[in-house]
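This report goes through selected features of one protein model. Please keep the sequence and the 3D view at hand while reading.

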Amino acid sequence: MHRQIAGRLTGPVTKWIVLVAVILIAGGLGSFAGKLVDVQNNETESWLPESAESTRAFERLEAFQDPYDVGTTVVYYRAAGLTETDLAAIEDDAVEIARLDGVSDVITPAGAAAAGVPAPFVSADGQVAKLEFTLNFGDKLWEELPDLKPEIDKIIAIDGVESYLAGAGGQSADAATIFSSGDSNLLMITLGVVILILLVTYRSPMLWLLPIISAVVGLGASMGLLYFLAKHTGLTVNGQTQFILTVLVIGAGTDYALLLVARYREELRRHQDRHEAMAFALHRAAPAILASAATVVVGLLCLMFADLNSTAGMGPANAVGVAVTFVVMVTLLPALLVICGRWVFWPFVPHFGTAEPTASGLWAKVGRGIAPRPRIVWVGTAAALAVLCLGFLRLDTGGIPSDEQYTQAQDSVTGQTILVDHGLVDASTPIQVVAKADQADRVITAMSRVDGIATPVEVASLDGTALIVADLHSDPYSDTAFDAVHDVREAVHGVPDADALTTGMSAVTVDVMEASARDNKVIIPIVLGAVLLILIGLLRSVLSPVILVGTVILSFGAALGISGLVFDLIYDRGHTDPGFPLFAFVFLVALGIDYNIFLMTRVREEAAIRGTRRGSLIALSSTGGVITSAGLVLAATFAMLGTMPMTFTLQLGTTVALGVLLDTMIVRSVLVTAINLDLGGRIWWPSRLDRGTTTVSEPPSAEEAKVPAL
């Protein structure tokens, strides 16, 4: 039945129908890919769960301020001290900034209420001055900031004075600028690396082009579909989701292409008609590819149980990308391969009737090395991976401070550091408390006892609710600021009948961290359970899926352990985002299990004929090359996240790349194969697929191995 469907998709006539249909549908969706940025929601507040204190405070805060107001600070610094001329120039800058679109009404230097900014504040040592104003572009802030920042930078440039756009607006401007240019740069770099790997793998000047075309079509269609979902269903999509989607689709799509092409080349040696060869190839490869894609999709959909809206949105968004890519790879790519014919493999064309490569390759040798003492091998390998897990103890998931958030110098970070070092408070990121107006004085008294904040002030009162603010004396992303938030909340919650709620940038970050910690505890077991059920259904066994999931967990732990050492000792960035373990886990488990699926489906196929032990060696020999190539592609694509100048992406890309390499080189090839050889047919319990107890004393023949030429 499956072969009949595959044959109909790639027949002499239907291949053209499939090609045209996919191009029309994917092309139509892809035309909207560029609009995905228009529906992104990158506001930190929108990431929070409804139950968070900051979220509830924001609802009451709307009575006092526009929710789209963003406090912004310009920092000026001269080591020798700012001159009178400098201060006069800063006053002129204030007037020019006030004329810019998006600067909201504040107090002018002259003190009159009008559109403008307040007079500059100067540090006690005379080296630093600051201007503070408010930006408001409605929900288009992130689209406008990449163009606005160069305008402001031009205005604030003073000879001999260092100037930086900082505060909440400066931080948003830096992030928006990175995202606006980062997606296209990341795509180009990722494609370049994948093309290089495919050229080495295929040793063909043309074959690499077909998987790349298919992957790019899949990415464009995915982004177009996500545009409509975000616009009409409320799906949360942000910049973080989009750049992860890029590497995930390119990496996973190329993996699926490698497996399909390897099967197709194998069948071309057995079938004279290339259409028939592709029908058999799809019939044999599609179930494994489908199981792989389904595992990734289900794993990502589990993120919908997250409290953080950003995490909950990233799951289905990337799941859509993987699902669309799967469809493209089993429709468009087969059609292109059949249309092009055998010549696309030149110079290593798989002619009909030629012999398969022998079983004397690297992975056959690895299998022969494991076979005599499989128990010693798997116990030793598991122990080594367990030792590597200990590096996890060096991993600090308490959040990334401002001075470590980027891998390259950013104006907002430098400006914030200068403010703190010279004793100037950044009033753009205060702690804000909303409380009942009749209890405002008592709330202020309670806040006054908290260390790390300036004197609290009631700035407004409306309809029985008061707004009280207190500037922070520290970096709003520092542990000191977070401690101040906890202390303020404890203090104001202790005021009877005040109904006091605390928010502000630091408070939002605290709530994000707490929600992330909750998500780590809840989502990880759900993902494991979902993956386990998929494997049980695929392999029709209980013991084998449990063992496979266990090996992937061990691999994940080892990857985190190595990462902890790398982050601390090599990158000198030992702090990680609270959500980092969850993201790394989902990608590594969902993607890492793919290679076990590719291997174990072949083991099961061979076990039914030749027994589990011999079938394990045949499976290792036949899938080793293609799985290794797929692992290298996926590791390389995620490693490209390190080209983004952000610590989070550098760390996530490093960990996923390390984990994928461990899965392909160690876990799948050595650990799983050794366990299969040791347990034999018992691996399929409770299934009676293979109850034989035969041992393996010689390697599989070339005919048995059926090694695809890579």
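## Basis of the values

The model is predicted; local features need pLDDT of at least 70 and side-chain atom pairs count only at pLDDT 80 or more, while totals for chains, interfaces and linings use all residues. Residues are numbered from 1 along each chain as its sequence is written, and side-chain values use heavy atoms, with hydrogens and water left out.

Helices (H or I, at least four residues) and strands (E, at least two) are DSSP runs, numbered from the N terminus. Buried means under 20% relative accessible area, exposed over 50%, and partly exposed in between (1.4 Å probe, protein chains only).

## The four-stranded sheet

Four strands form an open sheet in the order β8-β9-β7-β10, with antiparallel pairing. Strands count as paired if DSSP finds at least two bridges between them. β8 (457–462) and β10 (501–503) are the edge strands; each has a single partner, so one side of each is left without a neighbour in the sheet. From one strand to the next the twist averages 20°; axes here are lines fitted to C-alpha atoms, for helices over the stretch in contact, with angles from 0 to 180 degrees between N-to-C directions.

The pairings can be followed across the sheet. β8 and β9 are joined by five bridges and run antiparallel, and Ser461 has Ala466 in β9 as its bridge partner. Six bridges pair β7 with β9, again in the antiparallel sense, with Val433 set against Ile468 of β9. β7 (residues 431–436) is joined to β10 by three bridges, also antiparallel, and Leu501 in β10 is the bridge partner of Val434.

## Strand β9 and its ends

Six of the six residues of β9 are buried, so the strand is largely enclosed by the rest of the structure. Cover is present on both faces: Thr465, Leu467 and Val469 are buried on one side, and Ala466, Ile468 and Ala470 on the other.

The hairpin of β8 and β9 has two residues between the strands, and there Asp463 takes a positive phi near 50°. Asp471 lies in the loop between β9 (465–470) and α16 (479–493) and is partly exposed, at a relative accessible area of 22%. Asp471 is 40 residues from Ile431 in sequence, yet their C-alpha atoms are 6.2 Å apart.

## Helix α10

Helix α10 (residues 309–329) contains 21 residues and spans 30 Å from its first C-alpha to its last, close to the 30 Å expected at 1.5 Å a residue. The expected span is 1.5 Å times one less than the number of residues. The helix is mostly covered, with 18 of its 21 residues buried.

## A pocket and a cavity

Both spaces are found on a 1 Å grid over the protein atoms alone: a cavity is a set of points where a 1.4 Å probe fits but cannot get out, a pocket is an open set with protein on both sides within 12 Å along at least five of seven lines, and lining residues have an atom within 4 Å of a point. Grid points are joined across faces, edges and corners, and a volume is the space filled by probe spheres set on the points.

The second largest pocket holds about 480 Å³ of space. Its lining has 23 residues, and Arg284, Pro287, Thr601, Arg602 and Glu605 lie nearest the centre. Two or more lining residues come from each of α8 (239–268), α9 (274–301), α19 (580–610) and α20 (612–639), and α19 gives the most, with six. The structure also holds one cavity of 30 Å³ or more. The lining of the largest cavity consists of Ser544, Ile547, Leu548, Met600, Val672, Ile675, Asn676 and Ile683, and α18 (543–570) and α21 (647–679) each supply at least two of its residues.

## Backbone exceptions

Most residues other than glycine have a negative phi, and most peptide bonds are trans. The bond from Trp346 to Pro347 is cis, with omega near 10°, and Pro347 sits in the loop between α11 (332–340) and α12 (362–370). Another cis bond runs from Trp685 to Pro686, with omega near 5°; Pro686 is in the loop between α21 and α22 (702–705).

Arg203 has a positive phi, near 55°, and is partly exposed at 42% relative accessibility. For Asp499, in the loop between α16 and β10, phi is positive and near 50°.
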